[in-house]
Every structure is written in structure tokens, then in C-alpha cells.
Amino acid sequence: MSAPNTTPRKSATFDDYTLSEIRRAAATGIYDIRGGGAKRRVPHFDDLLFLGASISRYPLEGYRERCGTNVVLGSRHASKPIELKIPITIAGMSFGSLSANAKEALGRGASTVGTSTTTGDGGMTEEERGHSSLLVYQILPSRYGMNPDDLRRADAIEIVVGQGAKPGGGGMLLGQKITERVAGMRVLPVGIDQRSACRHPDWTGPDDLQIKIEEIREITDWEKPIYVKVGASRPYYDTALAVKAGADVVVLDGMQGGTAATQEVFIENVGLPLLSAIRPAVQALIDLGLHRKVQLIVSGGVRNGADVAKALALGADAVSIGTAALVALGDNDPALEGEYAKLGTTAGAYDDWHEGRDPAGITTQDPELMRRLDPVKAGRRLANYLSVMMLEAQTIARACGKSHVHNLEPEDLVALTIEAAAMARVPLAGTGWIPGGGAI
Amino acid sequence: MTTADRAHVVDLASTRLRQLNQALHQLRPDTNETLWRIANPRGRHSVAVGIDAPIAIEIDGHVGYYCAGMNKHATVVVNGNAGVGVAENIMSGTVHVKGDASQSAGATGCGGRLIIDGNASARCGISMKGVDILVKGGVGHMSAFMAQAGTLVVLGDAGESLGDSIYEARLYVRGKVASLGADCIEKPMTDHHKAKLARKLAAGGMTGVDLGRFRRYGSARRLYHFHVDNVY
């Protein structure tokens, strides 16, 4: 009789994914590039709970009593601030990374529910402008497609300093997606691997940024709200400096926020989870006496109405979604499993957006694949999804006794973990303990 | 100024910059208010930005950042020095700096012409997308960084890392080049290129220049398709 064997045990450190990445790197000699945001587990909104009304708090009645959702953005300096009917916006995603049909669908969906969509690194397309009742025009380091006419026909302008998936990193758009139209808008040769700059060409530092913002205001006759978008890394100081530079709105993107294409090592190892970034940013606004006067939009892993409500309770004025919006359009749909399998992946895990072979027709410039996405139907799905998110957030707000979702506050929240309690600066559930004392 | 008697004169010592720029933005393509003169800029930023009309503007004095930014159709002359980002993202028209220009002159310019009689500092022509830039003096380091299209002509010297990560812009330098940036190489100067250069110089008001002293630079195109062996 042989001695019993122990069960084969794999290393927690060298897990299957890690081993596969070592083998891939050894075989190719190049780092892995992919789309999307951080996939690792990080403290997130799931680690927070609302307390709801009780003897000391008075709730509002279900779906009947009014619970406001509107938000005005840009009232600090712009003569024409914009008003969103819901505090959920569509994040910047470039034409080039996304198909024209996808951009149109985003515009259709957002417009249906009265919110805005955002251009991206590649300029403004007619599909997008034509179908977006409120369009935010991004000024990125590359300045692809930048021109004063589009600046003036935008409803707001967003100066992008960084994004959550890659704070400190520039963009990539590989040759497979640089079609004639994309190349023409970016003034680049067709089919080359394109690199978007990681820093702006004509300003460095917050003092310069202030002058840059003033220039954009002068060009647009001080009409447009000007946002400044940063990737979450030093949120207190970045928010304070953006405000000092004159921003009307600060956009803060956590590491779960997606990218069209970046190195995996960058996505997973640089930047902060959104949960840890909101309170420092809000604190900066409070310290400057500008909370709710300079609006804060947060993004990076927002998935449902509970996430929206939690972000607002922590002090944000609105949220922005990218990855979730693409899923609503049809990205990673299990109905396409057969095609994902042919690409060596599975529905829910497909992230090789840079290769331009998206079977859903969203992250591609292939004419045949693009045609698969019906912008009207996809826009409808996005509108439905946005409506559900808002209903969910209102449900929670009413349960907490709030007649407007912006009345949610940190006092309505507790945390399930010590980490989340420290990051969100709310008590650990069942205690009055806020680890770290709420210091920056 | 030859047009003084007919020009609109705006004195920035007594007129708000916002008033000036808004007045310029209201001009239609067929305006007959085609001559403007701006006095006392005193280093003010964002002077004459976002113009979209075929007018002529002379600015008497030094300007700060972003003078004539995103210019379309207008001819803007700066009788002085210009700060950072003069004619940034210029679309068309001409911007002529009679003195020196600071960093990022002509940055991301998509069309039109930028002429600098003196020197330009670092990052001249950064990410240029079609503008023609003529610098009669020298340019600083990292000029034509990630330059995509257009022509940069430098009669003086160029600083370090000229044309780093360059795409399809064309660079001509008469003086010394301290060093070339990633993927930027010297290319043959043929008669075809000399003819092109002569046209660019003539458009900037320069004729009779010895073309034989210029050297031509452009992209080696090794970074066009990402490969680990080409990483710098």
C-alpha cells in the first residue's frame, strides 16, 4: 500500500496567470498590450454599504416621491454651463479606438437620457456630434484633429492630463486600426503604429495650465465649461492644482478606468483605485471653499446605480462610464462566444481591443465588423442601461431620505473592510472607527 | 506701420483682452475691417487667438503665451518677442514674429505659416501637423518632436534631439545640429528638395539663400511598426 499523496498545490504567488505571462514574455520578447482597466481585485464600491433610514432618518416613498438627479457643470466661469438630467456621463473614447457606429450609439444613448458624451484622442466625428445633444471635446497631448471650429461647436471642453488606466502614460493605437479615415483625422500615415504623446506640447505644470485654460476660454469667448481630467495618483494635489489653474470641472479617473491599448504592467501597477481617490479630491475642493462650485466627476469601475450613489455620497457631483457603456452596446456579449473562442479568449475576458478584430463591432475599424453594430439598437440599450442605473441610485437615495441624489453624504455609508473604511473615510460597519483618521 | 491711418487701433493698456478677442471673433470672412493694430500688449497672454477671418494685425510690442493661437486666415505680425506657444495649432494664415520666440512655437500647427526672424527656443514645431515654420535664427532642443507633417526650416543651429520620434515632417537646417532624436536621420538633399526648400524660403520672404549649405532630416520610420529591437 502506497503512502497517501498530498494534493498538488499551485503557488499563490506564481499562479496560472503569472506563469502564462512568463511563458508569453519568454516566447515573444515584448510586453503584453491590452485594452480595458485594472482587472486585479482592489477595494471598491462593493466594500461600502448604505445604512438606509431608521428611527433617526426619514425615508422617501419608493419611486413616487421626487428625487432629483440633475447636475449643472461649469457654473464657475463658463457663461454657458451645461445641465445634465442625470449625473452619469459617457467618458472620452476615441474614434479610432472605437468604430464610428459605436461613437454614434454612445451619442444616441446619452442624448436619450439627457446626458453628455465625450470625444477622445482622435478628434470629433460628424456621427458623434450629430447624435450627441451634449458633447464634451477633449484636448489631449496629441492634439489629433484639434481645430477651433470643433472647439466652438462643443458644449464643453476637457483638457486631459491623464487617465486612470495609465497616469503618466501616453496612448497607443496600433496599425491595424489606422485606416484611411483614422489616419486622415490624425494626419498620420495609414497603417502605422501610432503613439499619442504623454505630455502636452505647449504647457508644463500648473502655472502654464492656467494660461492654457485662459487661451481656450478666449478662443471660445468664455462660453464653454472647461474640465481638467486627471488619472488618480495624487488626487488631493492634482485637484487643487486643477482648480487653481481655473478648471470649472475636475474629472478624476481611477485605475479601473479603461484604455484602448496600454501595457498590462502599466494598467495593473500604476495609479489608485477610484475608492481611494474620491475623498482626497473632495477634501481639496472643501479646503478651497469650492466643493459643489467646481464640480467633480469620477470614473473607473462604475457599474450600477449603487456605485453611482456611493460616488455621489462620497462627494462627487457626477460619474462617468466607459467600459460599462461599451458592455451595454454589446461588448463581450456571451452570444459571440464562438468568435471570442477563435480569438483565443472568452466572452467577458476579451480585451485585445487594439487588434481591431472585435466581433461585436465596437473596438474595430474593420468595415465588415463595424456593420455588425446597429447604432440605433445599441444606443437604445445604452439608454436603457443608463435609466436603470439612475433608477437604482434614486432608490437608494430615497431609502436614505434624500430628495436629490446629491444629498447623499458620507454619513450614509459604512465600510465592510478596514481598507475600504480608510480609503472612503467612513466607519467600519458596526463601529465608529475610521482607520487612518481620515488624513490625506 | 504702413497701415496706421486705416487700421483699427486697440490699446491693451485701456482695453480688456477679452474685448479685443471677441471683436476679432465677430469678424466675418467678407469683413471690410481688415487692418488692425494692437498697442501695448506688454507681454499679455492669448493676444489675437482664435481668429477666423482674412485680416491683417500688427502687434506693437512683446506678447506672452499663445499669441495667434489656432489662427485661421489672418496675418499676424508681432513687432517684438513672443512667449510660449506662439501660433499654436495654427490652421492657416501667417504669423510673423519679428523678434525671438519662446518654447513650443508653432506647436501642433496644422497649416499656414510661422516665420520667426530671431531664434526659437525648445520644442519649436512640436507635433506639427502641416504648418510651415521658418526660423531665421536657431531652434532649441527637442524641436520637431513627434512632428507629423509640414516643414521646419532653420537657418541657424538646432539644439539636441532634433526631430525626436518624428513622423513625416520635413526638416532643413543650415547650421549645426547638436544631435538627432530617436528615429530621426539625415537624408539626401537632392535638387528636388532644394527646389522645395527654395519655395519655402521664398514664401517667407527670403531669396538668394545658398541652398547648398542646408541639410535635410526626416524619419527613419523604424518606429512605425512597434518592434522590441527598435526600442530606444
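Trainee: Which residue just after α7(A) takes a positive phi?

Mentor: That is A:Gly246, and its phi is about 110°. Before we go on, remember that this is a predicted model, where local features need pLDDT of at least 70, side-chain atom pairs count only at pLDDT 80 or more, and totals for chains, interfaces and linings use all residues. Residues are numbered from 1 along each chain as its sequence is written, while chains are lettered from A and ligands numbered from 1 in the order in which they are written.

Trainee: What makes α7(A) mostly covered?

Mentor: Helix α7 of chain A spans residues 235–244, and seven of its 10 residues are buried. Helices here are DSSP runs of H or I with at least four residues, strands are runs of E with at least two, and both are numbered from the N terminus. Buried means 20 or more other C-beta atoms within 10 Å of the residue's own, exposed means 12 or fewer, and partly exposed is in between, with C-beta atoms placed from the backbone. The buried residues of α7(A) are A:Pro235, A:Asp238, A:Thr239, A:Ala240, A:Leu241, A:Ala242 and A:Val243.

Trainee: What covers the buried residues of α7(A)?

Mentor: The cover includes α6 (205–219), β11 (226–231), β12 (249–253) and α9 (274–287), which belong to chain A.

Trainee: Which hand does the crossing of α7(A) and α9(A) have, and which residues make the contact?

Mentor: From α7(A) come A:Pro235, A:Tyr236, A:Thr239, A:Ala240 and A:Val243, and from α9(A) come A:Ala277, A:Pro280, A:Ala281, A:Gln283, A:Ala284 and A:Leu285. Residues are in contact if their C-beta atoms, placed from the backbone, lie within 7 Å. By class, this contact has nine nonpolar, two polar and no charged residues. Nonpolar covers Ala, Val, Leu, Ile, Met, Phe, Trp, Tyr, Cys and Pro, charged covers Asp, Glu, Lys and Arg, and polar covers the others, Gly among them.

Trainee: How do you know that α10(A) and α14(A) are oblique to each other?

Mentor: Helix α10 of chain A (residues 305–313) and α14(A) pack at about 55°, with axes 7 Å apart. They are therefore oblique to each other, and their crossing is right-handed. On the α10(A) side, A:Gly305, A:Ala306, A:Val308 and A:Ala309 meet residues of α14(A) including A:Val388, A:Met389 and A:Ile396. This contact has 10 nonpolar, two polar and one charged residues.

Trainee: What makes α2(A) oblique to α14(A)?

Mentor: α2(A), residues 100–112, packs against α14(A) at about 40°, with the axes 7 Å apart. That angle is why α2(A) counts as oblique to α14(A). α2(A) passes α14(A) in a right-handed crossing.

Trainee: Why is A:Leu174 called buried, and why is B:Ala182 called partly exposed?

Mentor: A:Leu174 has 20 other C-beta atoms within 10 Å, so it is buried. B:Ala182 has 17, so it is partly exposed. A:Leu174 sits in the loop between β9 (171–173) and α5 (180–186) of chain A, and B:Ala182 in the loop between β9 (170–173) and β10 (184–187) of chain B. Beyond neighbours within four places in sequence, A:Leu174 contacts A:Asp193, A:Ala261 and A:His354.

Trainee: Which residues touch the most other members of the largest nonpolar core?

Mentor: They are A:Ala247, A:Val250 and B:Ala48, in a core of 197 residues. Its largest share, 10 residues, comes from α14(A), residues 375–399. A nonpolar core joins buried Ala, Val, Leu, Ile, Met, Phe, Trp, Tyr and Cys residues through C-beta atoms within 7 Å.

Note on methods:
Axes fitted to C-alpha atoms, helices over the stretch in contact; angles between N-to-C directions. Parallel < 35°, antiparallel > 145°, perpendicular 65-115°, else oblique. Left-handed = near helix turned anticlockwise from the far one by under 90°. Contact = placed C-beta atoms within 7 Å.
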